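Let's take a walk through this protein together. Have the sequence and the 3D view open side by side, and follow along as we go from the whole fold to single residues.

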Amino acid sequence: EDDEFYAFMDIAPVARTHVLLVPKMHISSLNELKDSELAGKLLTTVPKIAQKLGVGEAYRSVINTGTGVGQSVFHIHIHILGGQELSWP
């Protein structure tokens, strides 16, 4: 946690490492993110967290936007996944 973000383990992990990065400011989805400074800080925080988690060399970051692709919490957040080989899709 810092002044702008929370980071915590996902309660239903889909990878060995699965952390959520969540801004403290409420933004319902990526479609509502208008603050480019916050967007930049959000994205540049992802690799810092990945490094702290020990997955900094290989990780996936995901932002789900809309119910049709699995967004179930309507507060923007980034999933940081790693610690194992991940398939696509």
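**From the fold to its residues**

Among contacts in the protein between residues at least 6 apart in sequence, 57% join residues at least 24 apart; contact here means heavy atoms within 4.5 Å. Before going on, keep in mind that this is a predicted model, where local features need pLDDT of at least 70, side-chain atom pairs count only at pLDDT 80 or more, and totals for chains, interfaces and linings use all residues. Residues are numbered from 1 along each chain as its sequence is written, and side-chain values use heavy atoms, with hydrogens and water left out.

Now for the overall build. The C-alpha trace spans about 35 × 30 × 20 Å along its principal axes. A compact globule of 89 residues would have a radius of gyration near 12 Å, and the 13 Å of this protein agrees with that. That radius is taken over C-alpha atoms, and the globule rule is 2.2 Å times the number of residues to the power 0.38. Of the 89 residues, 35% are buried. Buried means under 20% relative accessible area, exposed means over 50%, and partly exposed is in between (1.4 Å probe, protein chains only).

Let's look inside. The largest nonpolar core has 15 residues, and Leu21, Leu33, Ile78 and Ile80 are those with the most contacts inside it. Such a core is a set of buried Ala, Val, Leu, Ile, Met, Phe, Trp, Tyr and Cys residues joined through side-chain atoms within 4.5 Å. At least two residues of this core come from each of β2 (17-23), α1 (36-53) and β4 (78-82). Which element gives the most? That's α1, with six residues.

Pick out Ile80 next. Leaving aside neighbours within four places in sequence, Ile80 is in contact with a whole list of residues, including Leu21, Val46, Ile49, Ala50 and Tyr59. Follow that list to Ala50, which lies in helix α1. Is Ala50 buried or exposed? With a relative accessible area of 0%, Ala50 is buried. Apart from neighbours within four places in sequence, Ala50 is in contact with Val55, Gly56, Tyr59 and Ile80.

Over in strand β1 (residues 5-9) you'll find Met9. Met9 and Ile80 are 71 residues apart in sequence, yet 9.4 Å apart in space, C-alpha to C-alpha. Not counting residues up to four places away in sequence, Met9 touches His18 and Val19.

Finally, check out two loops. His75 lies in the loop between β3 (59-62) and β4, and at 16% relative accessibility it counts as buried. Setting aside neighbours within four places in sequence, the contacts of His75 are Val22, Pro23, Lys24, Met25, His26, Ile27 and Ser28. One of these, Met25, lies in the loop between β2 and α1. Met25 is partly exposed, with a relative accessible area of 48%. With the neighbours within four places in sequence left aside, Met25 is in contact with Leu38 and His75.

Definitions and conventions
Helix = DSSP H or I, 4+ residues; strand = E, 2+ residues; numbered from the N terminus.
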